[in-house]
Amino acid sequence: MTAAISILALLAGAYLVAVLEGWVSMGRMSITGPLASGAAMLGRESFVPKRRDRVFFEVAPPLLLVSALLAAAVLPLSPGLIVADLATGALFVNAALAYVMVALLMAGWAPNGAYAMVGGFRFLGQLVAYSMLIVMPITAVAMRAESLVTTEVVESQAALPNAIYQPIGFVLFLLAGMAVCFLPPFDLPTAPGELAGGVEAEYTGWRLAVFRLARLVLVVTVAAAVSVFYLGGWLGPVFPPWAWSAAKTLAVAALMLLAGRHVPRLRETHVLEWGWKVGIPLALLNIFVVGVMILVVG
Amino acid sequence: MTAFQQYALLLAMAAATIGFVFCLYVIGKYLAAPRKEEGEDTPAASGNLPEEAAWARYHPRYYGYALLFLAFDMEMAYMYPWAVVYKELGLVALLDMGVFLSILFLGLLYGWSQGALRRQ
């Protein structure tokens with residue numbers, strides 16, 4: 001029952017994100033727009049390239065969806081409303097999100113098209129840049145919570161949300177989250193206007209519908225992770241817990257969609273340089289600062 | 001719920017997702033009635049037909065980063081258990097991991113000085 005409610009909430013969130021993404025990219029809001037374009041995608045033929053890698057081509061879109069859903073399954077909407085309250089929750093989020101790269105690399109490799117493959121390999125480079133900035137800030141969060149259980153991570157922020165306690169980690173995690181969801185300016189694998197759709201280039205029809213849905217779910221999942229790890233999840237006065245979770249998640253999703261809108265797309269080389277020369281030293285500094293603060297302040 | 005039940009539930013979720021994707025496939029199959037046309041199955045290449053396979057023509061120029069990434073990724077596996085017991089162990093934990101991380105960070109600096117952090 002809780003699983004069904006959580007997944008319905010996730011899908012509702014994905015729909016709202018779709019409306020929002022249409023709004024920021026098209027300039028006008030359409031409530032039924034995503035439904036119409038989803039139905040249109042299902043009504044189109046799904047082409048399959050001639051010399052493709054059969055397994056990779058079919059597996060990539062569902063795998064992206066599965067990885068986003070599994071990561072969302074360990075994130076709580078309210079104290080009781082969580083699909084699986086795993087003892088290793090925070091680590092599980094990492095593990096599930098790692099498959100985003102696998103799915104996109106498969107999607108890039110499978111159709112035997114030049115644009116798709118460049119997109120896939122670019123995302124692999126992007127992973128090398130952002131992955132540490134997901135893992136290291138979560139470590140600092142776990143240090144404060146003394147636990148990897150996501151509900152305990154939320155409860156550890158009762159006095160002060162982690163966004164204020166460890167602001168460096170918050171900013172790094174938010175940026176890395178945008179890179180996971182390949183939102184602008186980190187939209188290297190799809191690169192609209194440059195790679196003819198990149199990893200999406202050879203996907204049409206129902207397969208593209210699965211791919212797009214997976215990406216929307218991924219945005220909601222990462223926004224929920226930011227809210228759980230840094231903004232205190234369901235904690236908040238007056239309103240019920242689930243409302244706080246939903247509001248924080250949607251606010252983070254909106255921020256992630258809007259933040260890079262007017263920034264030029266970064267080159268893969270520059271993402272890697274920023275990630276390793278600035279990001280990782282800052283993330284290590286964050287762990288150290290949090291460690292000292294826990295010892296001194298408690 | 002026991003840990004086993006939780007993982008069973010997650011597995012069931014993954015299976016249900018595959019089922020959902022299969023449903024979309026069936027819907028798509030009956031909604032779209034495509035007509036076979038020549039050339040519809042060639043990958044996009046700006047209007048030109050590709051002459052050779054696209055596989056194996058890409059040079060991942062970030063392999064220097066990728067090697068360093070392996071070292072860091074392995075190290076993070078040790079960080080999680082340490083992070084959980086950090087408050088309990090206190091200063092000892094900070095010093096232990098401080099030494100470990102500073103060695104690793106020196107490795108990063110060394111790699112940087114040798115040109116690992118640039119497009120190869």
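A:Glu146 lies in the loop between α5 and α6 (150–155) of chain A, where helices (H or I, at least four residues) and strands (E, at least two) are DSSP runs numbered from the N terminus. In this predicted model, phi of A:Glu146 is near 55 degrees, a positive value in a residue other than glycine. A:Glu146 counts as partly exposed because it has 17 C-beta neighbours inside 10 Å; a residue is buried if 20 or more other C-beta atoms lie within 10 Å of its own, exposed if 12 or fewer, and partly exposed in between, with C-beta atoms placed from the backbone. A positive phi near 60 degrees also occurs at A:Val238, a residue other than glycine, in the loop between α9 and α10 (241–259) of chain A. A:Val238 is exposed, with 6 other C-beta atoms within 10 Å. Most residues other than glycine have a negative phi, and most peptide bonds are trans. A cis peptide bond joins A:Pro184 and A:Pro185, with omega about 5 degrees; A:Pro185 is placed in the loop between α8 and α9 of chain A.

Residues are numbered from 1 along each chain as its sequence is written, and chains are lettered from A and ligands numbered from 1 in the order in which they are written. As the model is predicted, local features need pLDDT of at least 70 and side-chain atom pairs count only at pLDDT 80 or more, whereas totals for chains, interfaces and linings use all residues. The pLDDT, the predictor's confidence in each residue from 0 to 100, averages 87 in chain A, and 100% of the residues there score at least 70. Within chain A, confidence is lowest in helix α1 (residues 2–26), at a mean of 84, and highest in helix α8 (residues 167–180), at 92.

Chain A comprises eleven helices and zero strands. Its radius of gyration (taken over C-alpha atoms, with a globule rule of 2.2 Å times the number of residues to the power 0.38) is 19 Å, which agrees with the value near 19 Å for a compact globule of 298 residues. The C-alpha atoms of chain A fill a box of roughly 60 × 45 × 35 Å along the principal axes. Of the 298 residues, 61% count as buried. Two residues are in contact if their C-beta atoms, placed from the backbone, lie within 7 Å; among contacts in chain A with a separation of 6 or more, 80% join residues 24 or more positions apart.

Apart from neighbours within four places in sequence, A:Val226 is in contact with A:Phe173, A:Leu174, A:Gly177, A:Leu231 and A:Val252.

Helix α9(A) is mostly covered, with 26 of its 26 residues buried. A:Gly232, with a positive phi near 80 degrees, follows α9(A).

Chain B has four helices and zero strands. A compact globule of 120 residues would have a radius of gyration near 14 Å, but chain B has 25 Å. The C-alpha atoms of chain B fill a box of roughly 70 × 50 × 15 Å along the principal axes, and buried residues make up 15% of its 120 residues.

The contact between the chains takes 59 residues from chain A and 48 residues from chain B. On the chain A side, the elements that give two or more residues are α2 (33–43), α3 (54–73), α5 (114–145), α9 (205–230) and α11 (268–296). The largest share of that side, 14 residues, comes from α5(A). By class, the side of chain A that touches chain B has 41 nonpolar, ten polar and eight charged residues; Ala, Val, Leu, Ile, Met, Phe, Trp, Tyr, Cys and Pro count as nonpolar, Asp, Glu, Lys and Arg as charged, and the others, Gly among them, as polar. From chain B, B:Ala32 in the loop between α1 (3–31) and α2 (63–84) is in contact with A:Gly43, A:Arg44, A:Glu45 and A:Gly205, leaving aside its neighbours within four places in sequence. B:Ala32 is partly exposed, with 16 other C-beta atoms within 10 Å.
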